[in-house]
Amino acid sequence: MKREILGRRQLGWTVQEIKRVARTSDLVLVVYVHGWQNDASTLPARRREIHCLLEHLADADAGKRRIFGVYVAWRGKSVPA
């Protein structure tokens, strides 16, 4: 299942889903956090790269574990350089 988390209220769903998956199978949790000079606007450009990474990890693991990816966005551009 692919789902995008767009706000804080959906954070609870993400945590619950990670816990649910971890209870039912071995889990590999991949967390991607963009750089400090970016913000969530980079997601459309990075989406395919992140999906490819997750697909390669799943293929390399041969389905032994569930691969769960989380993209963490924050207001990096708001921090003065």
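**Reading the model, from the inside out**

Guide: The largest cavity has a volume of about 50 Å³. Keep in mind that this is a predicted model.

Visitor: Which residues line the largest cavity?

Guide: Its lining is made up of Val30, Tyr32, Ile50, Leu53, Leu54, Gly69, Val70 and Tyr71. Two or more of the lining residues come from each of E1, helix H2 (43-61) and E2.

Visitor: How many cavities of 30 Å³ or more does the structure hold?

Guide: There is one.

Visitor: In what order do the elements run from the N terminus?

Guide: The order is α-β-α-β, which gives two helices and two strands. The helices are H1 (residues 11-24) and H2 (43-61). The strands are E1 (residues 27-33) and E2 (residues 66-72).

Visitor: What percentage of the residues count as buried?

Guide: The protein has 81 residues, and 17% of them count as buried. The cut-off for buried is under 20% relative accessible area, while exposed means over 50%.

Visitor: Which residues form the nonpolar patch on the surface?

Guide: The patch consists of Leu29, Val31, Val33, Val72 and Trp74, which together have about 400 Å² of accessible area. Strand E1 gives the most to this patch, with three residues. Val72 lies in strand E2, and its relative accessibility of 32% is why Val72 counts as partly exposed.

Visitor: Let us turn to charged side chains. How many salt bridges does the structure have?

Guide: A search of the whole structure finds three. To read one, look for a side-chain nitrogen of Lys or Arg within 4 Å of a carboxyl oxygen of Asp or Glu. In one of them, Glu17 meets Arg20, with 2.7 Å from N to O. Both residues lie in helix H1, three residues apart, or about one turn of the helix.

Visitor: Is Glu17 buried or exposed?

Guide: Glu17 counts as buried because its relative accessibility is 13%. Arg20 has 36% relative accessibility, so Arg20 counts as partly exposed.

Visitor: What is the distance between the closest N and O atoms of Glu55 and Arg48?

Guide: In that salt bridge the closest N and O atoms are 3.7 Å apart. Glu55 is partly exposed, since its relative accessibility is 39%.

Visitor: Which residue does Asp61 meet in a salt bridge?

Guide: Asp61 pairs with Arg65, at 2.8 Å from N to O. Asp61 is buried because its relative accessibility is 8%, whereas Arg65 is partly exposed, with a relative accessible area of 41%.

Visitor: One more feature: the backbone angle phi. What is the general idea?

Guide: Most residues other than glycine have a negative phi.

Visitor: What is the phi of Ala62?

Guide: Phi of Ala62 is near 55°, a positive value in a residue other than glycine.

Visitor: Where is Ala62 placed?

Guide: Ala62 sits in the loop between H2 and E2. With a relative accessible area of 60%, Ala62 is exposed.

Conventions:
Residues numbered from 1 in each chain as written. Predicted model: local features only at pLDDT ≥ 70, side-chain atom pairs only at ≥ 80, totals over all residues. Heavy atoms only, no water. Patch = residues over 30% accessible without salt bridge, like charges linked within 9 Å, V, L, I, M, F, W, Y side chains within 5 Å. Areas by Shrake-Rupley, 256 points an atom, 1.4 Å probe, with all protein chains shown as cover. Helix = DSSP H or I, 4+ residues; strand = E, 2+ residues; numbered from the N terminus. Buried < 20%, exposed > 50% of the residue type's maximum accessible area, 1.4 Å probe, protein only. 1 Å grid on protein atoms, 1.4 Å probe; cavity = no way out; pocket = protein on both sides within 12 Å on 5 of 7 lines; lining within 4 Å. Points joined across faces, edges and corners; volume = space filled by probe spheres on them.
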